[in-house]
Amino acid sequence: MKNPLSSSQKVSLLAACTFTLVAPIMGYLSIGLPPVIIVGGSALVGLFCWYFTYLKKPVEPNIILPLFILTVAGLQIHIVEEYLMGFAPAMSRLFGIPWSEKNFLMVFALIGPVIYTLTSLGLYYKVPIAGFVAWFIFIGPGVAEFTHFIFPLIAPNLLPHDPHSLTASIKGTRIPQMPNFYFRTTGQYYFPGMWTAVLPMIPGCLAIYRLLIRKKQSFKSAEPTNV
């Protein structure tokens, strides 16, 4: 008979499912479709992996915590490049979405580090929901950062063949100085964040590999042996 979930595990599962459903919807209503694909996709895959690798039996901190800290450290360095090179306004021009630098900084430079710090504490004490947040980060910055290498190949939604920065109102929000990084227009293969995208990807992907291998090994050890 399988072990039932404890009360704290049920609450964590409910919170994770709520985030997976609500976060993409809020992102879609405030910005547009890209958050649904990136945030929603990362949350859904992270939810599935977390359920089978961490929720019922939290991983020892010495296995997951160092890789999580390295991932978020790399992510913060990555965010510095994105901010300096105009990632938010570039995304606004690319997809025609109202993503201001203020919103970018609020989410990734201010609120994000608070969540990462609390998650580190939760991983240390094996709090179930902390494992979900860690998986979400591993899938997002750990895997989804490869999209930075695709963005220069996508024609922007706004004036794709104009190499100059553009100031325009998108869905009632004024977005100033939106740069164009379309490769066919600029002749340069670059998009904000591309230089440092690998920094969170390396420990993030390593964490995914280690957690899945650990789960596979524990599953094999639990199999009954034939006598």
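A cluster joined by ring pairs contains F87, F95, W99, F104, F108, F151, F181, Y190, F191 and W195. The model is predicted: local features need pLDDT of at least 70, side-chain atom pairs count only at pLDDT 80 or more, and totals for chains, interfaces and linings use all residues. Residues are numbered from 1 along each chain as its sequence is written, and side-chain values use heavy atoms, without hydrogens and water.

**Aromatic pairs.** The whole structure holds 20 aromatic pairs. Rings of Phe, Tyr and Trp (its six-membered ring) pair if their centres lie within 6.5 Å; planes under 30 degrees apart are stacked, over 60 edge-to-face, the rest tilted. F19 and F132 pair edge-to-face, at 5.9 Å between centres and 75° between planes. This pair links distant parts of the chain, 113 residues apart: F19 lies in helix α1 (residues 7-30), F132 in helix α6. W99 and F104 are also edge-to-face, because their centres are 5.8 Å apart and their planes stand at 70°.

**Salt bridge.** A salt bridge needs a side-chain nitrogen of Lys or Arg within 4 Å of a carboxyl oxygen of Asp or Glu. The count is one salt bridge. E60 and K126 form a salt bridge, N to O 2.6 Å. They sit 66 residues apart: E60 in the loop between α2 (33-55) and α3 (61-85), K126 in the loop between α5 (101-124) and α6 (128-143).

**Accessibility.** Buried means under 20% relative accessible area, exposed over 50%, partly exposed in between (1.4 Å probe, protein chains only).

| Residue | Relative accessible area | Class |
|---|---|---|
| E60 | 38% | E60 partly exposed |
| K126 | 29% | K126 partly exposed |
| F19 | 33% | F19 partly exposed |
| F132 | 3% | F132 buried |
| W99 | 11% | W99 buried |
| F104 | 2% | F104 buried |

How values were computed: Helices (H or I, at least four residues) and strands (E, at least two) are DSSP runs, numbered from the N terminus.
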